[in-house]
Amino acid sequence: MNILIYKTFYVFFNVIEIILFVYIISSWFPIPNGIKKILLTLINPFLDPIRFLLKRSIFNTSVSDFSPIIGIVILSYLQNVLSQLIV
């Protein structure tokens, strides 16, 4: 049972990380607006709290959005913590 829960969380975190990487890459290259809207719809619920916290920090810049990078770090940390708790 624990292995099923672990694999479920592992797949969930990997899917979110892949979406974050695609979002980061899409900010560097021009892609169709439809694809970008789909990515934003999938990832905004995760990135909005991070952006809210960044507005009140030293990372508040109008040039760059560091929330996807910080999101990847948070996901990696959560994945490690959950794997330690489950297994």
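**Exercises on helix packing**

Helix 1 and helix 2 (residues 33–54) pack with their axes 10 Å apart, at an angle of about 105 degrees. The model is predicted.

**Exercise 1.** Determine how helix 1 and helix 2 are oriented to each other, and describe their contact.

*Solution.* Step 1: take the angle, which is about 105 degrees. Step 2: compare it with the range of 65 to 115 degrees, which counts as roughly perpendicular. Helix 1 and helix 2 are therefore roughly perpendicular to each other. Step 3: list the residues in contact. Helix 1 contributes Ile16, Ile19, Leu20, Val22, Tyr23, Ser26 and Ser27. Helix 2 contributes Lys36, Leu39, Leu40, Leu42, Ile43, Phe46, Leu47 and Arg51. Step 4: sort the residues by class, which gives 11 nonpolar, 2 polar and 2 charged residues.

**Exercise 2.** Determine how helix 1 (residues 2–28) is oriented to helix 3 (residues 67–86), and give the classes of the contact residues.

*Solution.* Step 1: the two axes come within 10 Å and cross at roughly 170 degrees. Step 2: angles over 145 degrees count as roughly antiparallel, so helix 1 is roughly antiparallel to helix 3. Step 3: by class, this contact of helix 1 with helix 3 has 17 nonpolar, 6 polar and 1 charged residues.

**Exercise 3.** Decide whether Ser83 is buried or exposed, and state which backbone atom its side chain reaches.

*Solution.* Step 1: locate Ser83, which belongs to helix 3. Step 2: its relative accessible area is 17%. Buried means under 20%, so Ser83 is buried. Step 3: the side chain of Ser83 reaches the backbone oxygen of Asn80 at 2.8 Å.

Technical notes
Residues are numbered from 1 along each chain as its sequence is written. This is a predicted model: local features need pLDDT of at least 70, side-chain atom pairs count only at pLDDT 80 or more; totals for chains, interfaces and linings use all residues. Side-chain values use heavy atoms; hydrogens and water are left out. Axes are lines fitted to C-alpha atoms, for helices over the stretch in contact, and angles run from 0 to 180 degrees between N-to-C directions. Helices (H or I, at least four residues) and strands (E, at least two) are DSSP runs, numbered from the N terminus. Angles under 35 degrees count as roughly parallel, over 145 as roughly antiparallel, 65 to 115 as roughly perpendicular and the rest as oblique. Ala, Val, Leu, Ile, Met, Phe, Trp, Tyr, Cys and Pro count as nonpolar, Asp, Glu, Lys and Arg as charged, and the others, Gly among them, as polar. Contact means heavy atoms within 4.5 Å. Buried means under 20% relative accessible area, exposed over 50%, partly exposed in between (1.4 Å probe, protein chains only). A polar contact is a pair of N or O atoms within 3.5 Å; within protein, one must be able to donate a hydrogen and the other to accept it, and residues adjacent in sequence count only if both atoms are side-chain atoms.
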